[in-house]
Structures are given as C-alpha cells and as structure tokens.
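Here's a quick briefing for anyone opening this structure for the first time. Have a look at it, then read on.

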Amino acid sequence: MRKDFSDDRSTQSRILGAYADLREVAGSFLGEYMSGSWSGPASTHWRQLAAALSEAAGKTKLPKLRAWAIQGARTLEEMAISDEEREAEERF
C-alpha cells in the first residue's frame, strides 16, 4: 500500500474518507502505514510519518480522512517522544 494520503482520489484516501470512523478500518490502515523498514532512530521515523499525516490532514477535503490523519499523527508523535526517551537512556 502506498503511504501517501495527499490525494483524495487515491484508493486508500477514498476508503478512509468513507470508513475511517470504523475502529477496525482506522487501526488496520494506521498499522499498515506504520509498517516497513527504515534506518536511523525510531523517533525520527515516527516524526516523519506524523508530519506526512499532518500535511495530509491539512490538504484533504474528506472529514473522516482528516480526523484519522490527525489522530494518527498524534499517536505517532507520542511514539516518537517515547522512543526519544529510550534512545537518550541508551546513549548513557
């Protein structure tokens, strides 16, 4: 699945635009959005994903997609903060 929700015409944007208020759909899409590999600190990765969702929330005209993206960005930011603390502890 593409991890880009900046185009309201994409399949994933349309699905979330219609069904993001369903917990199973919202959770499934967020889990898929978060999956994959990366290099570098986890906190940086989560912040990058959060920033992309915040940007999508600002552009979309689909209310359910907007709400999903805002909540997803919050979740990812919380994960970034948690991992940042863990990363700082590991440095010492």
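Are tyrosine 33 and tryptophan 68 buried or exposed? Both of them are buried. Keep in mind that this is a predicted model. The notes below start with that pair, move on to the core, and finish with a few spots elsewhere.

**Aromatic rings**
- The count of aromatic pairs comes to four.
- One of them joins tyrosine 33 and tryptophan 68: the ring centres sit 6.4 Å apart and the planes meet at 80°, so the pair is edge-to-face.
- This pair ties together distant parts of the chain, with tyrosine 33 in helix 2 (residues 23–34) and tryptophan 68 in helix 4 (residues 63–91), 35 residues apart.

**The nonpolar core**
- The largest nonpolar core has 22 residues, and the ones touching the most other members are Phe5, Leu16, Tyr33, Trp46, Leu53, Trp68 and Leu76.
- Helix 2, helix 3 and helix 4 are the elements that give two or more residues to this core.
- Helix 3 brings the largest share, with seven residues.
- Take tryptophan 46 from that list: setting aside neighbours within four places in sequence, this residue is in contact with Met34, Trp38, Leu76, Met79, Ala80 and Asp83.

**Serine 43**
- You'll find serine 43 in helix 3, which covers residues 42–59.
- Serine 43 counts as buried because its relative accessibility is 5%, and the cut-off for buried is under 20%.
- Which residues does serine 43 touch, not counting those up to four places away in sequence? They are Ala80, Asp83, Glu84 and Glu87.
- Ala80 and Asp83 also turn up among the contacts of tryptophan 46.

**A patch on the surface**
- Over on the surface, Ile15, Tyr19 and Leu22 make up a nonpolar patch, and together they have about 270 Å² of accessible area.
- Isoleucine 15 belongs to helix 1 (residues 11–19).
- With 32% relative accessibility, isoleucine 15 counts as partly exposed.

**Glycine 27**
- Glycine 27 has its place in helix 2.
- At 43% relative accessibility, glycine 27 counts as partly exposed.
- How far apart are the C-alpha atoms of glycine 27 and alanine 42? The separation is 20 Å, for two residues that are 15 residues apart along the chain.

Methods:
Residues numbered from 1 in each chain as written. Predicted model: local features only at pLDDT ≥ 70, side-chain atom pairs only at ≥ 80, totals over all residues. Heavy atoms only, no water. Helix = DSSP H or I, 4+ residues; strand = E, 2+ residues; numbered from the N terminus. Buried < 20%, exposed > 50% of the residue type's maximum accessible area, 1.4 Å probe, protein only. Contact = heavy atoms within 4.5 Å. Patch = residues over 30% accessible without salt bridge, like charges linked within 9 Å, V, L, I, M, F, W, Y side chains within 5 Å. Areas by Shrake-Rupley, 256 points an atom, 1.4 Å probe, with all protein chains shown as cover. Salt bridge = Lys/Arg side-chain N within 4 Å of Asp/Glu carboxyl O. Phe/Tyr/Trp six-rings, centres within 6.5 Å; stacked < 30°, edge-to-face > 60°. Core = buried A, V, L, I, M, F, W, Y, C linked by side-chain atoms within 4.5 Å.
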